[in-house]
Amino acid sequence: MVVPLYHILAFAGLLFTIGVVGVLFRRNAIIVFMSVEIMLNAVNLAFVAFSRYHGNVNGQVFVFFIMTLAAAEVAVGLAIIVSLFRNLRTSDISEIRLMKH
Amino acid sequence: MAETLYLITLFPLLGFLINGLAGRWLSEKQSGYIASLAVLGSFLVSAQLLLAFLALPAEERLLTQTLFSWIPVGDLNIQVGYRFDPLSAVMALVVSGVGLLIHIYSIGYMQGDPGVRRYFSFLNLFTFMMLNLVLADNLVLMFLGWEGVGLCSYLLIGFWFEDEAKARAGMKAFIVNRIGDAGFIVALILLYHQFGTLSISEIAQAAPGAQIGRGFFTATTLLMFLGAVGKSAQIPLYVWLPDAMAGPTPVSALIHAATMVTAGVYLIARNSVLFSLAPATMSIVAVIGIITAFFAATIAITQNDIKKVLAYSTISQLGYMFTAVGVGAFSAGIFHLMTHAFFKGLLFLGAGSVIHGLKGEQDLRSMGGLKEQLPTTHWTMLVGVMAIAGIPGLSGFFSKDEILWAAFSRHEGFSWLWLAGIVTAGITAFYMFRLFFRTFYGKAAWQEAGYQPHESPSVMTIPLVLLAFLSILGGYVGIPAALGGVNQFHHFLEPVLAVYPGVGAAAVQHPSQGLELLLMGVSTVVVLGGIYYAYRVYVQQPTLADDLAQRMGLLHRLSFNKYFVDEAYHLLIVRPFQALAEGLWKWFDIQVVDGAVNGSGHAIARISGAIRRIQSGLIQHYASIILLGVIFILIYLYID
Amino acid sequence: MDTFDLLATIIKVVIVFVTILVTIIILGLAERRVSGFMQYRLGPNRVGPWGLLQTVADGIKFLFKEDIIPDNVNRPIYLLAPVITMIPAFMTFAVIPFGVPLEIAGHTVKLQVADINIGLLYILALTSVGVYGLVLAGWSAGSKYPLLGGLRSSAQLISYELAMGLAIVGVIMVSGGLTFNEIITHQQATSWNFWKQPLAALVFLVAMFAETNRLPFDLTEAEQELVGGYHTEYSSFKFLMFYMSEYANVITASGFMVCLFFGGWDMPFIDEKALGHWGVVLSVLAFVSKVGFFLFLYIWVRWTFPRFRYDQLMRLGWKVLLPLGLVNIFAVGLWMALRA
Amino acid sequence: MTTILFYLFSALLLGAALFVVLNRNPIYSVVGLVFAFMNLAAMYFLLEAYFIGVLQVLVYAGAIMVLFLFVVMLLNVQPDRPHPGLIHPDRWWFGIMALIFVSLFLLLIGQGVRALLTSPAEDAAGMGSVADVGEALFTSFLLPFEIASLLLTVALIGTVFLAKKKV
């Protein structure tokens, strides 16, 4: 395989930006959350690429931990979204602004 | 041995916490027992340490214990550490011993009072603070105790705070004390600036050899003395003590007679090294002491409130103590402090017993003829007044005589100190026996008022009896050489007190022992004369008192009205201050301070009104700001 | 990768695919015939000799029926769901070996579509993807019974995947590898894992039934409660796809079970590799007959046990199988530590 | 061929990610994201990170995304109402920021990493097996590994606590 590393990194950067755009623009909390996952995965891809191109397994170990973290984060985050929805009857984050008032 | 030192203060602290936090679940009796047991614990530990001390050679009698670092700031490291040496041993024993008896007495005296748990917790807190004061190894901890006892004094004077006059008396004591404390604080700052430490022993070691001008020592010691004047109620800051009689009588006995007010004397003795280096201060201490002694004694003659008489006598006796330390006889001052604690505690408790028996009546004119009704109180009070008057053989005689002898032998120019002391001793004998006679002899004025006096319960009389024994025997630890004794008390304290030039062993022995005996004789005659006069005026010819008052006219009015000092203070200090404060309030506070504060407030409100928009509550706005930060980092990386 | 290998792989894929399809057809008939046998009735016996062509007829009927798409469905998802279900079901079998390697013209051909070094994880991963088909099918139908069926199925699959994984861990520990070949070779060298870890085998067996949504765990389609479950609203060919994936899953699960605990293609007491081509034939026969037994077991169990209630199902999964799986792992670990 | 496959998967992944972010129906987003993660897993396989690739399917596609799907179904989230105009009026500057961000990022990569590493390390082939990653995990990363298990436990408890109707 002759893909240069910076192609993968640039691609990861694009993916990350797509995630950022999702986080910034979407109003549905679940979609925002999914965009965060996209961002995490962009980073994961960069890690794996580095791991492969440097011949060092540590990058993959990082990805492993990020996945663990993501699992925990999603579980708690979705629980929060569910309980927010239960209380406010909405998952639109532009309406969830209790801290404002 | 030193490991148990912290227990001395721990017990009262525990007592305070138990009574203060869990008091509501305790019965009155339990509360009193817990408080008394706490003080008993302190007393037993102190006594055990003292006994251990006596077995040691004089130079090894020192225990120190550092508990923890309290204020570590840069170079300054204030530690909570205790120091147990002969001086603090005496003080700790007096505080916990007399305190114990007064705690026990209080169980009877305070029975039925709704605030009794609060009372006992305050009393324990006081004991804790006082023991910290006397055991402290450094001046900051000592100051903590110093302020702590001031606080407890305030709390207990105003114990019955529903009565506005009593609450005000508490405030008065607090404010007057603050004036003195300000001096103390400045002295602490000066000492730290000069020596870089606030440890008592380190300062005492460094001071004599230090290359410092006399002026420094004079200034610091004068400032310290200002603190002592406030706490020990000397001229001109004595005005709070008579008012402090608003508190419960056992409190008066403990705080305003036996222990706290003597803290000033202790402060000087504790820092005797510093004071020895400032002869000018010493002279001022002695002069103020003797003036206070005389002045307060003359007021005491005409007072009608039994507790006020005792209050002025306390001021007067404290004056004696200051005279003693002022002429360099530190051990004599401490000696008198100890005996005074015994007999003045006794007198106050006796007076409390009388008041208790008369259901709160404090006016001497409503008493009289109580000998039959209050036999135990009568006999123990007799011992007390004899001791304070200085009848040979009782404790007061020995301690007062040592002071008078020191004042006489100090050096030639100060002999008038002795003369004033002798006169004051005569007056003291007179007014104390006036109090005694008017209380227990003569016409029973209470019969008209319809009282039925009764003797106090044994929980109150037993402390009286014990204190009476102490008042008799307390003096025998310090029999002067002239009477064939060796003055063990003096020798016990000697290692920790400075030797002031002109006193010390050499100077005392210089005048012949015959002269000392002669002076004793003179003072005894004067005292007996005072007693006889009191007997004539108040027992033999009761009408004579009014005649005298008539004939003395102006003098009587002056004494009766306490020389109008309170009024003068009010006119000269309080009123101008009020006027100044009002002026400041109306102009400076409202216009300048409030204006600035409100102005800045408005400014902040306007600015934050603008900035507030960022705080939109929308997560995405926050996220975009994070992104902005990332962009800046990227730009930085790019430029770099 | 040379031409021969590529060709061999393509042939293997075709063979496996066709075999699975044929097995599904046979299974469809067998299910009904065995049911009939167990219930003292005949079952389908008219189409073809002994009813052999019955399933083929059914398939043709499915193909020519009217394809109804209800109004209320979410069309893209509705169409996608059967595909999502079917692809993993057919893909999983790829890593299961069905015989000893074959020697042809100097080349060694593994009787396995793909020997990847994480075979076990591959199956687990694909199984977990298969859930989407059921959930999306249930949701997209836009009616409540399918939705309930879909939610039930996904919860059930996720729950029992844990127990299944734990049962597998014990096997991995003793055999020291994640490929099926390593596991089977290890069993050949010692003894079947079933004898060594009967507890794990039991847990796996129960989890396997639950994972394939078969009785007694077929709560996703429990007719009496949910009509047809997640595929209520499907008809015609799309229904056939669900049907086929269920059977494909059953076949794969049986193969999985056989490989993990019953020695795979290993025939006891015989060294297949020493027998040349006959060994290959023997090993394939051994594998097929073992799988056949488990397929029969599926049908057998179906008519033997009543259906579980949903809460019982969850309790069994989380409170019984999960702890048992952990106990098995601890026991194996202890045994290995003591032996080491 | 693997190179072509890599670019193919990249394109699919990019498309899927855009689909996730841009379409209005949450269910489609979930499906799109699952598809994206499958592509990512394929890319991991091509980078010879087999273990991570399987984990990507097993954990991300198989577990995390199922949770998302559940929540979307549970809350019965409706498609977003279209906003008049392309972009919400107070959000246009987000777009500019995102644009600046990505261009800066690409510039940086173009500047700094181009010189480095154009092809994979030769000796690292097959490094991503379960055994390799597992060895690293249980030796040099043992403590983080244990902490991660603690994190999962905490998350488990927290989730149950949060999701309970009444505490």
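Predicted model: local features only at pLDDT ≥ 70, side-chain atom pairs only at ≥ 80, totals over all residues.
So, B:Tyr535 comes out as partly exposed, at 35% relative accessibility; buried here is under 20% relative accessible area, exposed over 50%, partly exposed in between, using a 1.4 Å probe and protein chains only. Side-chain values use heavy atoms, with hydrogens and water left out, residues are numbered from 1 along each chain as its sequence is written, and chains are lettered from A and ligands numbered from 1 in the order written.

Okay, back to the rings. Rings of Phe, Tyr and Trp (its six-membered ring) pair if their centres lie within 6.5 Å, with planes under 30 degrees apart called stacked, over 60 edge-to-face and the rest tilted. There are 55 aromatic pairs over all chains. Take B:Phe433 and B:Phe436: edge-to-face, 6.2 Å centre to centre, 80° between the planes. They sit 3 residues apart in helix H18 (residues 415-440) of chain B, so about one helical turn separates them; helices are DSSP runs of H or I, at least four residues, numbered from the N terminus. Both B:Phe433 and B:Phe436 are buried. As for B:Phe437 and B:Tyr535, their centres are 5.8 Å apart and their planes at 65°, so that pair is edge-to-face too. B:Phe437 is in H18 and B:Tyr535 in helix H23 (residues 513-540) of chain B, so the pair ties together parts 98 residues apart in sequence.

Conventions. Helix = DSSP H or I, 4+ residues; strand = E, 2+ residues; numbered from the N terminus.
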